Amino acid sequence: WNNNYDSTVQIDSIRFILYSDDSLLTQNVRPSLYFTSDSIFNEYLSTYLDYLDLSNTGWFDIGEPRFNNVLDTTDNYMYSELIWDIDTLLQALTDTLDSNLVRSFILQNTNSDSSFLEFFSEEASTGETDPKIIMYYKQTYTSGDSIIIDTLTNTIYSNGDLSIIDPRGINNIANMIGISNGSGMRSIIEIPFNENSLPDGALLRNAKLILPYDTSLSPIAQNIIIDPLESDSVDIDSIEIYDIDPVVGIGFPYRADSEPKNSLYILPIKNILQNITLGNEVNWGFKLLSNEKNDPFEHIWFDFNQNSNQARLEIIYAENQ
């Protein structure tokens, strides 16, 4: 707001806005918004274990939002805005004496309803549908003998958001393995392959790990990632819930991803297998995980019990004569 004139600024209103692509959201349970002047989470490090006893007691109750459905130029639905008026938070949001000016909001379903409500996160766009606070204000300044009043806005974008799912309420499916971001489920696959699996000096032309998945349990097509393990995972308990992923992948240049096609994931693993045959790497197995951009509320369940379409490794190689 710096300029070359004497001016005054008057805040007219402050709004907190969330966005959703659920056109029926207004017919569902409306979420209540709460505010605290403290920072209570880390987008990259926080887990559900940090919030087992979380209570909004002492938080400022802002209440339920009003809704605005945004349409395009042909009156087709684009997204919904959930708007809360937060004028009473002006002092808390602009406290210049606070050296760590970080504020937190929390959403909670009214009446403890368990329905999932989905909103756009800060990664959803370049700003249009990011969670934000918008300040509407008037700036009055003089220019010569004239008094000029401008009606302006200032936007404060969120710098982090977090959805936490308690995995203890999610049941595993017998004889199947699954992966999911929201519940933190990841899987380990061991492939009986070593440097003696191919003739000496064999050159791999192609290598694909083919994994069938259950389309009835995983109806939404999602990207998955495979990453060779850096060390042996024999001591990992498949039932235990770990605060931090206990299995470390090698990553670049071996980490690969795949989109599903015809009920299959076809994962390229030629690079790591070639280096195993050359003795540059050890086959400790592979980690499967859901891509970070996938819907956190969805699971991918693999079906390794099919007789007609089993999980398999296919290798094409050239042999030196």
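Tutor: Happy to! Leaving out residues up to four places away in sequence, leucine 25 touches Ser20, Phe67, Leu82, Leu117 and Phe119, where contact means heavy atoms within 4.5 Å. This is a predicted model, in which local features need pLDDT of at least 70, side-chain atom pairs count only at pLDDT 80 or more, and totals for chains, interfaces and linings use all residues. Residues are numbered from 1 along each chain as its sequence is written, and side-chain values use heavy atoms, with hydrogens and water left out.

Leucine 25 sits in the loop between strand S1 (7-20) and S2; strands here are DSSP runs of E with at least two residues, numbered from the N terminus. Because its relative accessibility is 2%, leucine 25 counts as buried (under 20% relative accessible area, with a 1.4 Å probe and protein chains only).

Now follow the chain into strand S2 (residues 31-36), where you will find threonine 36. Threonine 36 is buried too, at a relative accessible area of 12%. Setting aside neighbours within four places in sequence, threonine 36 is in contact with Trp59, Arg103 and Ser104.

For a view of another region, look at strand S12 (residues 224-228) and strand S15 (residues 286-290), which pair in the antiparallel sense over 5 bridges; pairing requires that DSSP finds at least two bridges between the strands. Aspartate 227 has lysine 287 in S15 as its bridge partner.

How values were computed: Helices (H or I, at least four residues) and strands (E, at least two) are DSSP runs, numbered from the N terminus. Buried means under 20% relative accessible area, exposed over 50%, partly exposed in between (1.4 Å probe, protein chains only).
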